[in-house]
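Look at the sequence and the 3D structure below. The report that follows takes up the ligand, the sheet and the packing of helices in turn.

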Amino acid sequence: LNNKSLRSIRGKDKIRREKGNIMIKSSIKDRIKVVKGDITKLEVDAIVNAANSSLLGGGGVDGAIHKAGGKEILDECIKIRNKQGGCSTGEAVVTTAGKLKAKYVIHTVGPVWSGGQKNEKELLEKCYYNSLRLAVENKVERISFPNISTGIYRFPKDLATEIAINEVSKFLQDDTIITEVVFVCFDDENYRGYLEYIGKN
Ligand code: ADP
């Protein structure tokens, strides 16, 4: 994917977003899966981590990924941090997956919810978009996402679900590399919400 086609994807995204179009085509739904469980156990090419901007690890899914993947992941995170000073909210970086079954971990930093007036929605969209963009750049075919920002960062779960599914669907519409996106829900509320939203749209 070159810069020109990336720009064109972004352009199309803008138009769709303005129209508020959320109909998900069945050909796209076929490439989306929702499962309940622990993301560190998944056999996919890349696992997305809901990291924080320090890239030094934390609680929740971040802690679980570093614990299961081992020191190699943190070592690469530290290298990235030394080079570019961590990772801003909405951006993503890629490292090895260490001992995990995946090849890569894509670390993205979700927004902390603080009422909705601080660009939280757009920043969460960017997390999904930038993670997928990095995945395609690394020829990743199967990728799994946790429910970014819905834990310690307190993003409302229903809104986060809508953003995650819409953003991924829009990306898949223009992409031919990614064959499978797995949303891994850790808690019942997210799991039920994802199934319901996909069922309705
Ligand atoms: P954030 O700071 O972005 O909110 P958290 O890790 O606190 O990140 O939470 C993000 C989501 O990840 C939450 O819905 C939480 O339940 C979920 N989660 C926690 N541990 C795991 C895990 N091992 N696998 C998948 N999801 C997890």
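Which of the 21 residues around the ligand come nearest? In this predicted model, the nearest are Ala50, Gly60, Gly151, Tyr153 and Phe186. By class, the shell around the ligand has 10 nonpolar, eight polar and three charged residues. Helix H3 supplies four residues, the largest share of this shell.

**The sheet**

Six strands make up an open sheet with mixed pairing, and their order is E1-E6-E5-E2-E4-E3. At the edges are strand E1 (32-36) and strand E3 (92-96), each of which pairs on one side only. From one strand to the next, the twist averages 25 degrees.

Strand E2 (residues 46-51) and strand E4 (residues 104-109) run parallel and are joined by six bridges. Within this pair, Ala50 stands opposite Thr108 in E4. Ala50 is also among the residues that come nearest to the ligand.

Helix H3 (residues 60-69) lies across E2 and E4 and runs at about 130 degrees to E2. Helix H7 (residues 188-200) packs on the sheet, where it touches E1 and strand E6 (180-185). The direction of H7 makes about 155 degrees with that of E1.

**Helix against helix**

Two packed helices are described by the angle between their axes and the distance between the axes. The table gives these values for two pairs.

| Helix pair | Angle | Distance between axes |
|---|---|---|
| H5 (residues 120-137) and H6 (residues 157-174) | about 40 degrees | 9 Å |
| H6 and H7 | about 50 degrees | 10 Å |

In the contact of H5 with H6, Lys121, Leu124, Glu125, Tyr128, Tyr129 and Leu132 in H5 meet Ala160, Ile163, Ala164, Glu167, Val168 and Phe171 in H6. Nine of the residues in this contact are nonpolar, none are polar and three are charged.

On the H7 side, Lys157, Asp158, Thr161, Glu162 and Ile165 in H6 meet Glu189, Asn190, Gly193, Tyr194, Tyr197 and Ile198 in H7. Here the division is four nonpolar, three polar and four charged residues.

How values were computed: Residues are numbered from 1 along each chain as its sequence is written. This is a predicted model: local features need pLDDT of at least 70, side-chain atom pairs count only at pLDDT 80 or more; totals for chains, interfaces and linings use all residues. Two strands pair if DSSP finds at least two bridges between them. Helices (H or I, at least four residues) and strands (E, at least two) are DSSP runs, numbered from the N terminus. Axes are lines fitted to C-alpha atoms, for helices over the stretch in contact, and angles run from 0 to 180 degrees between N-to-C directions. Two residues are in contact if their C-beta atoms, placed from the backbone, lie within 7 Å. A residue is near a molecule or strand if its C-beta atom, placed from the backbone, lies within 6 Å of it. Ala, Val, Leu, Ile, Met, Phe, Trp, Tyr, Cys and Pro count as nonpolar, Asp, Glu, Lys and Arg as charged, and the others, Gly among them, as polar.
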